[in-house]
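Please read this report with the sequence and the model side by side. Look up each residue as it comes.

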Amino acid sequence: MRNSVPEARWVTAGGALPLLGHSGRLLREPFAFLSECRRNGDLVKIRVGPRPAVLVCRADLAHEVLIDQAHHFEKGGVIFEHLRPISGNGLFTVERPAHLRDRRRMQPAFTRPAIDGYAPIMSEEAQRLSDALRGTGTADIKAQARRATIRILIRSIFPTARTTQVERFLTLLDTVFAGVYARIAVPIGAAHRLPLPHNRRFQRALALAWETAEDIVKQAREHSGTATDAHGFLPAFMRSGGREGEPGFTDAQLRDQVMSLLLAGSENAATVVGLACHHLAHAPRAERRVHAEVDDVLADRAIVAGDIPRLPHTMRTVTEILRMYPPVWALDRRAQRPVDLGGRRLRPGTDLVISPYLFHHDPVLFPDPERFAPDRWEPGALKQEARDAFIPFGAGSRKCLGDNFGMAEAVILLAALARDWRLRPAPATRVRIAAHAPLTVKGLWMTATPRHPATGAPPPPRSGTVPRPPNGPKEEQRP
């Protein structure tokens, strides 16, 4: 990729403050800061609080770190260290070789045949989501989609969990995500130990989240061998023994996996669906194509797993939202030994920050990157280097195990909404993109108008267009 650039230029980002480094920029305007660094060089030294790191600003160099030379790097750095308290030794943060062992045990539950088996659950909850909009006038689409994803989690992954357990977890998410990112951006332990209200809220929410994860594992153990235990990911994990004499998951390991799955599975697909609805409302041509597609493929019946490949426009819409708003918008690695990268020699212990958001918004790879354009994902429309740079779920052996599950879930939920409703932003709505851990969105209030009258007649022809907002969604200034 970018063979015309023979060697990475290594510069230092300006504007660092004593002790705080670039933390102020990372809190106030992280995406603008990333873009500014890309304009300055290919490998840019930054300071996250007092911690030095190297921001990788070229996608091909990130490919080397995550795939080609992955054996020279391990998860590590300020992001990794502050994710450990919220996921323990879950699959996202567990170190090698335990990661390889746990991933191998969990892989069967995330194969495409296994996910197809959960498509009926996704379809039923998608219809329930659609039905919930009837008579509401306006609704927070992101919040409604999050309730749907949490119900999908309960039924497919934690079938023995009580609904109240997971709903309690749901109320804690925003506080946990905001608090984690504040600690990543300003990694000064003393500041986060002060008895301030936001610190107390975070600690209380985190403690309750861990209690919920422990309760879910306890509930699963109590129902072991019952009819309720006959399906679901968690029961399968509980029954999975190791190979070559390895022990199965302990309760502590199960708790950590539950925590990781709850954090990722309840938020990411809901954010994608909500933002897809928002952008389709401002893109008449793309919206018409999705509406025509779901009308042709689904008509008025339930969605089945076999429908997903027949919904390419819906899939491209989801893919484009993942490009614009990758859930994992930043990750890090630590060099384990001396290694060459982009013409520079990295010492052991060097921390690298890699931002999928930065690559996804590179105008060289994705022309007019701030424009919502699902058609860019049509076959042959993008160069291979752009497709290689598309890493919304990470890449290599550490790529998110639930990527196909999340994609199927998002496509099914979006298809059900598009089939039944024409969604428009509510008056005076302010959409806020929050660069938390993971990236999320707030304020997606939309009005819902039935596309098909009660008589079953097709919707009336549309007239006019909906103007695209001049600046699109704005970044939230603080987590």
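Buried means under 20% relative accessible area, exposed means over 50%, and partly exposed lies in between (1.4 Å probe, protein chains only). By that rule V318 counts as buried, at 1% relative accessibility. This is a predicted model, in which local features need pLDDT of at least 70, side-chain atom pairs count only at pLDDT 80 or more, and totals for chains, interfaces and linings use all residues. Residues are numbered from 1 along each chain as its sequence is written, and side-chain values use heavy atoms, with hydrogens and water left out.

V318 has its place in helix 16. Helices (H or I, at least four residues) and strands (E, at least two) are DSSP runs, numbered from the N terminus. V318 and A410 are 92 residues apart in sequence. In space their C-alpha atoms are 7.0 Å apart.

Helix 16 also matters for the next topic, as it gives the most to the lining of the largest pocket, with five residues. Pockets are found on a 1 Å grid over the protein atoms alone. A pocket is an open set of points with protein on both sides within 12 Å along at least five of seven lines, whereas a cavity is a set where a 1.4 Å probe fits but cannot get out. Lining residues have an atom within 4 Å of a point.

How many residues line the largest pocket? The lining has 27 residues. R112, M315, D403, N404 and M407 lie nearest the pocket centre. Helix 6 (112-117), helix 16 (312-324) and helix 19 (403-420) each supply at least two lining residues. The volume of the largest pocket is about 630 Å³. A volume here is the space filled by probe spheres set on the grid points, which are joined across faces, edges and corners.

By class, the lining has 16 nonpolar, five polar and six charged residues. Ala, Val, Leu, Ile, Met, Phe, Trp, Tyr, Cys and Pro count as nonpolar, Asp, Glu, Lys and Arg as charged, and the others, Gly among them, as polar.

**Rings**

Rings of Phe, Tyr and Trp (its six-membered ring) pair if their centres lie within 6.5 Å; planes under 30 degrees apart count as stacked, over 60 as edge-to-face and the rest as tilted. The rule gives five aromatic pairs. Two of them share F31.

| Pair | Centre to centre | Angle between planes | Type |
|---|---|---|---|
| F31 and W329 | 5.3 Å | 85 degrees | edge-to-face |
| F31 and Y357 | 3.9 Å | 15 degrees | stacked |

Why is the pair of F31 and W329 edge-to-face? Its planes stand at 85 degrees, with the ring centres 5.3 Å apart, so the pair falls in that class. This pair links distant parts of the chain, 298 residues apart. F31 is in helix 2 (residues 30-40), and W329 is in the loop between helix 16 and strand 6 (331-335). F31 is buried, with a relative accessible area of 3%. W329 is buried too, at 6%.

F31, Y181, W329 and Y357 form one aromatic cluster.

Helix 2 also holds L34. L34 is buried, with a relative accessible area of 5%. L34 and S355 are 321 residues apart in sequence, yet 8.2 Å apart in space, C-alpha to C-alpha.

**Polar contacts**

A polar contact is a pair of N or O atoms within 3.5 Å; within protein, one must be able to donate a hydrogen and the other to accept it, and residues adjacent in sequence count only if both atoms are side-chain atoms. D420 lies in helix 19 and is buried, at 13% relative accessible area. A polar contact of 2.6 Å joins the side chains of D420 and S130.

S266 sits in the loop between helix 13 (251-265) and helix 14 (268-281). Is S266 buried or exposed? S266 is buried, with a relative accessible area of 0%. Its side chain reaches the backbone oxygen of L262 at 2.5 Å.

**Positive phi**

L19 is not a glycine, yet has a positive phi of about 70 degrees. L19 is found in the loop between strand 1 (10-12) and helix 1 (23-28). L19 is exposed, with a relative accessible area of 56%.

A428 is not a glycine either, and its positive phi is about 65 degrees. A428 is found in the loop between strand 10 (421-425) and strand 11 (432-434). At 85% relative accessibility, A428 counts as exposed.
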